[in-house]
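Here is a short report on one protein chain. Please read it alongside the sequence and the structure.

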Amino acid sequence: MLQVGSLSPVVTSSKREIDYSSVASNHTLAKLKPSNLECGPRVAECMDGTRRDIFARIDEWIADPEAPNILWIKGYPGIGKSAIASSLVDRLRLSKRLGSSFFFQRERSTVMTPNALWRVIAYDLSRQYSSIRRHLVAALETDETIINAVNIDKLFRQLIQEPLMAAKE
């Protein structure tokens, strides 16, 4: 760092110290994400300029704080639901508003379970929000068997609801 205004410039080196608590929490949180599970979109995004009416309605939903918390995209097979979802994920990612995403695949139903869904979402949120991260690390250090919970309601409460409520405080 060069200090301006002194008689002689002072140059200091800022060596990065390793924060071992951060390394430990990264290791703890890594247990959340199921190994060898790619849950991103497997379908191309919508072509530019298409589905403008649908995206206008989605944008209204995003902007409305009173709207339901879940966006439900429904339609016949092959109509483009996955392409719309892929486009939406990319748009939210680019605007830094994406918390997490998870695309179920019928052919991988044995590993793409509700348990995997909540674990991936918790992992993604913990990487973006330090308050959620602290709560999840503490919960996992107290009981690392949480991630193997069979009761999906309990898993949701411990990995999603409680960290979000704690972050809100």
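How many helices and how many strands does the protein chain have? The secondary structure comes to six helices and zero strands. Along the sequence, the pattern reads α-α-α-α-α-α. Helices (H or I, at least four residues) and strands (E, at least two) are DSSP runs, numbered from the N terminus.

This is a predicted model, in which local features need pLDDT of at least 70, side-chain atom pairs count only at pLDDT 80 or more, and totals for chains, interfaces and linings use all residues. Residues are numbered from 1 along each chain as its sequence is written, and side-chain values use heavy atoms, with hydrogens and water left out.

**Chain totals**

| Property of the protein chain | Value |
|---|---|
| Buried residues | 31% of 169 residues |

Buried means under 20% relative accessible area (1.4 Å probe, protein chains only). Contact means heavy atoms within 4.5 Å.

**Cores**

A nonpolar core is a set of buried Ala, Val, Leu, Ile, Met, Phe, Trp, Tyr and Cys residues joined through side-chain atoms within 4.5 Å. The largest one has 24 residues. Leu32, Phe102, Leu136 and Leu159 have the most contacts inside it. Two or more residues each come from α4 (114-128), α5 (130-142) and α6 (152-168). α4 gives the most, with seven residues. Apart from this core lies another, of 11 residues, among them Phe55, Ile84, Ala85 and Phe103.

What does phenylalanine 102 touch? Leaving out residues up to four places away in sequence, Phe102 touches Leu37, Cys39, Met112, Thr113, Ala116, Leu117 and Val120.

Technical notes
Buried < 20%, exposed > 50% of the residue type's maximum accessible area, 1.4 Å probe, protein only.
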